[in-house]
Amino acid sequence: MHIRTSFPHETTHEDVLVPLSDGTRLYARIWRPLTEEPVPALLEYLPYGLTDWTAPRDRQRHPWYAGHGYASVRVDVRGHGNSEGTPRDEHAGTEPADGVEVVEWLAAQPWCTGRIGMFGTAWGGFNALRIAARAPEPLKAVVTVCSTDDRYDNDAHYAGGSVLAAGMHASAATLLAFAARPPDPVHVGEVMWRDMWVKRLEAVDPSVHTWLAHQTWDAYWRHDSAREDLGAVRAAVLAVGGWHDPYRDTVLRLVEHLPPDRVRGLIGPWSHQYPDRGLPPGPAIGFLQETLRWWDHWLRDEKTDALSVPLLRSYVMDAHPPATVYGEIPGRWVGDPGWPSPSVTPVAYALQGAPVPVRSPQHTGVDAGRFLPSGHDADLPPDQREEDARSACFEFEVAEETWVLGHPRVNLRLTSGSPRGQVIARLCDVGPDGASTLVSRGALNLSARQGLDRTVPWKPGTAENVAFDLNAIGYAFPAGHRIRLGVSSAYWPWIWPQPGSEAGFTLDAIGSTLELPVRARESDPSIAFGEPEESEPLGATVSATLDEPRPERLVLRDVAAGTWRLEVDPGHGGTRVYPDGLECTEDALETYTIDESDPLSARARSTWSIRLHRPDLPWDARVETASAITCDAQDFITTDEVVCKDGDEVVFHRTWEKRIPRTAG
């Protein structure tokens, strides 16, 4: 990583309040080049506080853009960070509507040329896409990283019509804890901060209530998913993803459906991160330089090579032994002129053997790895041999090196004795020593086999063909290895188990196939990137809060009781001390428990502890949350608790308990 200290422009920054039409003001920080000429503006728009949580990351990129002649703007969404207003459901439409107003406000500033770009990773990238779908005239270009255009089936909520247990629960619990964070009195005033905080807290409602109330692909998800109307997107889109990020399929959809003169796709080996940060797995690239060419082309009309690169640039990973973290994964870059690619051919592998009963124990999936890998030591799936033993497996010898790029697909003939259940498929690379590396996976709720927008119970005892895609991947299977397809009826805690799913199903190999998108073995040596570089770091210090480090992922088995518990530390722990004196302490823990023979025993629980402290004021605000989901055959049962303190005084305490019918999940 090169830390850049010299730029074409000197810069300055200021904090401002952006007025909205309803009188609410959003907190913004604007980095600008010192120039008399108007400049284009770049916007990153997030619910995570810009003066605390994202401040270190913001400092790495916004001053860099300003130094290259752009006004780079970071805005807290309504009811979060230091912005006014109260938090709203993320899919209610308020957030993108506010974002459109921010875009138009920026374009009207005297220091702005009127041309705007939006960028972000995860939520920020998603906001860029959905605001682009509203097509505000000043928004000319977007860079969206590790984000989604499909909030139902390619986010943290559902997969193949099944509830994403770890994804949905952890996301909802985290959003609840973040919505309860207070504004900072240094930035909003020592008198105002507490009134703003209490008003926010009174409006907080756990997101999981709404997410579980919509268990199929309905209007709630459609209206907030950019893929529903990509034709409305007029801005140019640079879509970026990583093979170890669960949202990478979005890149392929955007490249396929947006006009080729306004889109480019880039997929590397990365996790859920900007690809210049150097977090595993790498290699990292000079991503800020890559985006600068994009901005210069679309916002300055400069002649760059932004559109001379292939429509889709993908990293095809070499085979690698299973591990939970990789510094760098070897491989090569390939370029494709379109998607679907003329260089990719679907090749079917017929399953062989007699019909096999698939009755996976309910803890199948404990070696799935983290749903949202973000560069930690225990993120990725370990050796899959134990998961393979809990699945029905089919193998295919690799006679010559085989490159795969795109979506593997399974066509399976199943007979189920239960009206409800799920099927999970894993694609693994098995080395000569027997080690099994997870390459890709996919899932289908059997009641969603006729469409994600409907629920059709299976007629017990009947056979049907079902087909579904696995997540897209770029991978090279070496000659002498074996391709293994593992099929299971459980995958906890990724997939919430269905009542009756312990009966599993019977898989008939005759008529069942694995289809691989086999790509021509042609790399593109012209695809190259500069060294990663960023601006100077913020200078925050980090210290641990626990006397003994806690394992990132710990699996506990009670042999006599037949129960399994997975404890996950999402990696937010520690105390950060910022240069302005702010101290931010966080700790979070997720636990997922299940009885290996009982799908109704599934339980997910998360706790959060947050302290924001300024010793010089003094100011000491604390947030404690606890969230849980359990179930019976008819309902999901959610419980949530929020306790907030100003010093030792409790200013807010509320609990929620809700039963939500299991209509599909």
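## Helix 4

A residue is called buried when its relative accessible area is under 20%, exposed when this area is over 50%, and partly exposed in between, with a 1.4 Å probe and protein chains only. The model is predicted: local features need pLDDT of at least 70, side-chain atom pairs count only at pLDDT 80 or more, and totals for chains, interfaces and linings use all residues. Residues are numbered from 1 along each chain as its sequence is written, and side-chain values use heavy atoms, with hydrogens and water left out.

Helices (H or I, at least four residues) and strands (E, at least two) are DSSP runs, numbered from the N terminus. Helix 4 covers residues 165–179 and reaches 21 Å from its first C-alpha to its last, close to the 21 Å expected at 1.5 Å a residue. The expected span is 1.5 Å times one less than the number of residues.

## Strand pairing

Two strands pair if DSSP finds at least two bridges between them. Strand 16 is joined to strand 23 (residues 482–488) over 6 bridges in the antiparallel sense, and Cys-393 stands opposite Gly-486 in strand 23.

Strand 29 (residues 574–577) takes part in two further pairings, each antiparallel: with strand 26 (residues 541–543) over 3 bridges, and with strand 30 (residues 583–595) over 4 bridges. Thr-575 stands opposite Ser-543 in the former and opposite Thr-585 in the latter. The hairpin of strand 29 and strand 30 has 5 residues between the strands, and there Gly-581 takes a positive phi near 100°.

## The setting of Leu-414

Leu-414 lies in strand 18 (residues 409–416). This residue counts as buried because its relative accessibility is 0%. Contact means heavy atoms within 4.5 Å. Not counting residues up to four places away in sequence, Leu-414 touches several residues, among them Val-423, Leu-446, Trp-458, Phe-505 and Leu-507. The C-alpha atoms of Leu-414 and Val-358 are separated by 9.7 Å, with the two residues 56 residues apart along the chain.

## Pockets and cavities

On a 1 Å grid over the protein atoms alone, a cavity is a set of points where a 1.4 Å probe fits but cannot get out, whereas a pocket is an open set with protein on both sides within 12 Å along at least five of seven lines; lining residues have an atom within 4 Å of a point. Grid points are joined across faces, edges and corners, and a volume is the space filled by probe spheres set on the points. The second largest pocket holds about 1000 Å³ of space. Of its 44 lining residues, Asp-153, Asp-249, His-407, Asp-469 and Leu-470 are the closest to its centre. Helix 9 gives the most to this lining, with 5 residues.

By the same rule there are 11 cavities of 30 Å³ or more. The largest cavity has a volume of about 300 Å³ and is lined by 24 residues, of which Trp-243, His-244, Pro-381, Leu-438 and Arg-441 lie nearest its centre. Strand 20 and strand 22 (473–477) are the elements that give two or more residues to the lining of the largest cavity, and strand 20 gives the most, with 5 residues.
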